[in-house]
Amino acid sequence: LDTMEKEAVEQLLHQLQEENARLSAEHQELITTANQNGNQDNLQEEKQLRQQKSRLEARMAILEDHNRQLEAQLDRLRSLVSAESCNGSLGSRFVVAAELHEGEGKPTDPDDVRPPPAIGRRQPPTALNLSKVNAVDARQNKSSVVKS
């Protein structure tokens, strides 16, 4: 009986060793597959991040260029305002954005000034003190009544 039990135990041990080897091989295969999938996911994510970075860099370049254009426009407006204040001119002058570009459409004749925009189409003030705006509107209304 001992030999039969011993053979059964050895046979069971052999089966368990085979199953252990099969499970170890399957485990290694799963680990390898997971690493390959993880690497592919990482590569895909890296590619997407590079694309996003290049889009953001292009957008930043556009915004920097736009900022430079706005700064140049502001400088030209400041020079116009300071030139008119130095001339002692108290009259208003409306400037169109196209006139602010260097050499484009700048009036050479002081009488060649565009008329002010229609009063009904003005945009509401955003960051101005409304009492000052109302005072300016009142002055404009008085001057238009006097002219009529």
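This is a predicted model: local features need pLDDT of at least 70, side-chain atom pairs count only at pLDDT 80 or more; totals for chains, interfaces and linings use all residues.
The paragraphs below go through the overall build of this chain and then through its salt bridges.

Averaged over the chain, the pLDDT is 77, and 61% of the residues score at least 70.

As for secondary structure, the chain holds 3 helices and 0 strands, and reading along the sequence gives the pattern α-α-α. Helix α1 spans residues 2-86. Of the 148 residues of the chain, 3% count as buried. The accessible surface of the chain amounts to about 13,500 Å², and 55% of this surface belongs to carbon and sulfur atoms.

With a cut-off of 4 Å between a side-chain nitrogen of Lys or Arg and a carboxyl oxygen of Asp or Glu, the count comes to 3 salt bridges.

One of these joins the side chains of Arg22 and Glu26, with an N to O distance of 3.8 Å. The two residues stand 4 residues apart in helix α1, so about one helical turn separates Arg22 from Glu26. Both ends of this pair are partly exposed, since Arg22 has a relative accessible area of 48% and Glu26 has one of 40%.

Another salt bridge is formed by the side chains of Arg50 and Glu46, where the N to O distance is 2.2 Å. Arg50 and Glu46 likewise both lie in helix α1, 4 residues apart, which is about one turn of the helix. In this pair the two partners fall into separate classes of accessibility: Arg50 counts as exposed, because its relative accessibility of 53% lies over the 50% limit, while Glu46, at 36%, counts as partly exposed.

The remaining pair consists of Asp65 and Arg68, whose side chains meet in a salt bridge at 3.9 Å, N to O. Here the spacing is 3 residues within helix α1, so that Asp65 and Arg68 are again separated by about one helical turn. Asp65 is partly exposed, with a relative accessible area of 35%.

Notes. Residues are numbered from 1 along each chain as its sequence is written. Side-chain values use heavy atoms; hydrogens and water are left out. Buried means under 20% relative accessible area, exposed over 50%, partly exposed in between (1.4 Å probe, protein chains only). pLDDT is the predictor's confidence in each residue, from 0 to 100. Accessible areas come from the Shrake-Rupley method with a 1.4 Å probe; for residues, only the protein chains shown count as cover.
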